Amino acid sequence: MDKQSLWWNYVSGAVRYVQDSFALTAGNRVLLLEEIPFMTEYLNLIQDQLRHWDTSLQVEPSAADEWNGGREIGELLLERYGAHSDYHPMDGSRVEHLAKNNLLAGRLLIVREVERCPDWLPVAIDYGKHSTVRNGLLILTYNGSCPLAGKRRGIGTLKWDEYITSYDMHLFASYCVADHHQLPASVKRYITQLAASLSGADPDLCSRLATEQLAHDPLSMLQTLAAESAAAAKMSEDAALIESALWESQVQIVFPIIEQVRRRFIESYFSQLLTVLPQQDDYGKTIAGPQEMELRHMWYSYFKGAGFHNEEDRRDFRLVYDARNRLAHLHVLEPSSVMELLKLVSDEVSFTRNRSIK
C-alpha cells in the first residue's frame, strides 16, 4: 500500500478528518478547507464517499487562477450551469439565483487555492447562505490562514492542526520506516521518533524523512528536501527547533538504553560493587545495594579505581556515561554516538551477550 493510502486509511487523526469532512456535507453546501499534505488523495476519498450516495455525481476540479478572467464568477457560473434559466437582476445576485434554483445539483465543484482569486470568497458566502441541501457542493481550498472570519451559514470548515497529534505522526513514521528491512529495530525506533518530531503535522515530509540518512545527518537531509517541501525549508532554517527535536528524540530513545546498560553492569559486577557499599552519595542519600547505584556512583566508587573486566565493558560504560551527562545537561548527541548506543540494543547485539570475566 502506498504512503498516502496508509495515511488516510490507518492514521486515526487523518481518518477522523475525512469522516468529519464528509459529515459537514450533510448541512453545508460549501466546504472551505486548508490545503493539506496528500490533498489529492484526500479529495479523491471525499469524491468516492459522495458518489456512494450519488453515483451520477459530476466532479469538476479547477484552480482558482482559471477564474481570473476579468468577468464575475457568478456570471461565469450562471453561463455554464444555468444558461437556460430565467434570471432577472430583481432575483438577487447570479450566485443567489444559482443557489435558490439548485442549478448546481448533482455537481461537485472543487476550486483549489482560492487566495489566488479572492472573488471566490463572497461567492462562497452567497452560495452557502441561499443553497438548499439538494444543490451541488463547492469545495474551496486555501493556503495559509483561513480567509473566512467567523462562521457563515452553509459553509463548513475544519482546522487541520486540531486533528493531527504527535501519536499520529509517530504511527505513520513507523509505517514508513518499516519498509527498510535491513535496519535494526533500535535504529528504526530512533528514525521513527526523529521523523515524527521534525515533520510537525506534515505526513509528506514525514514519509520523506523516514530513511536511514535521517539518523546520520538530519540537517543535511532537511536542506536537501527544502527545494521541494515548504515544511522542510521552514524547519531547516530554524536551528533551535531542529536541536530541540533532536534532543527530545534522543532522550526518549537513548535514556531507556542507558538504563538497560546500567542494569547490565550491576548484574555483571554485583559482587564487586557490594565491596564499596553501603555509602552516602553527594546528596546525603544512603546507597545500600548495587541496584540503587547510578552510573556516577559506579564510576567514582568502583570503576574509576578498579577498572573493568574487559575493553568492551570500558567502552560501553564510557559511551552511556558520557551520553547520559550530555543529555542531562540539554546537549544533543552526535549522530555517531547515537548509532553506537543503538548498537547496544540492536537485533545483532544482545544485552545478555557473553563476556569474558577475569
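Helices here are DSSP runs of H or I with at least four residues, numbered from the N terminus. The model is predicted.

**Exercise 1. Classify the aromatic pair of Y17 and W160, then that of F303 and F308.**

Solution. 
1. The model holds 24 aromatic pairs.
2. For Y17 and W160, the ring centres are 5.0 Å apart and the planes make 90°. Planes over 60 degrees apart count as edge-to-face, and this pair is edge-to-face.
3. Y17 sits in α2 (residues 12–24) and W160 in the loop between β5 and α7 (166–177), so the pair links parts of the chain 143 residues apart. Y17 and W160 are both buried.
4. For F303 and F308, the centres are 4.4 Å apart with 15° between the planes, and the pair is stacked. Both F303 and F308 are buried.
5. Y17 and W160 also belong to one aromatic cluster, together with W7, W8, F38, Y42, Y163 and F172.

**Exercise 2. Describe the largest pocket by volume, lining and residue classes.**

Solution. 
1. The largest pocket holds about 1000 Å³ of space.
2. Its lining has 38 residues, of which E34, E35, W160, D161 and A201 are the closest to the centre.
3. At least two lining residues come from each of β5 (155–157), α8, α9, α12 and α13.
4. By class, the lining comprises 16 nonpolar, 10 polar and 12 charged residues.

**Exercise 3. Find which residues of α11 are buried, and explain why they share a side of the helix.**

Solution. 
1. In α11 (residues 218–225), the buried residues are P218, M221, L222 and L225.
2. These residues span an arc of only 100° around the axis, which places them on the same side of α11.
3. The general rule is that an α-helix has 3.6 residues a turn, so residues three or four places apart point the same way.
4. The buried residues of α11 pack against α8 (185–198), α9 (203–209), α10 (212–216), α12 (230–236) and α13 (239–268).

Note on methods:
Residues are numbered from 1 along each chain as its sequence is written. This is a predicted model: local features need pLDDT of at least 70, side-chain atom pairs count only at pLDDT 80 or more; totals for chains, interfaces and linings use all residues. Side-chain values use heavy atoms; hydrogens and water are left out. Buried means under 20% relative accessible area, exposed over 50%, partly exposed in between (1.4 Å probe, protein chains only). The arc is that of the directions from the helix axis to the C-beta atoms. Contact means heavy atoms within 4.5 Å. On a 1 Å grid over the protein atoms alone, a cavity is a set of points where a 1.4 Å probe fits but cannot get out, and a pocket is an open set with protein on both sides within 12 Å along at least five of seven lines; lining residues have an atom within 4 Å of a point. Grid points are joined across faces, edges and corners, and a volume is the space filled by probe spheres set on the points. Ala, Val, Leu, Ile, Met, Phe, Trp, Tyr, Cys and Pro count as nonpolar, Asp, Glu, Lys and Arg as charged, and the others, Gly among them, as polar. Rings of Phe, Tyr and Trp (its six-membered ring) pair if their centres lie within 6.5 Å; planes under 30 degrees apart count as stacked, over 60 as edge-to-face and the rest as tilted.
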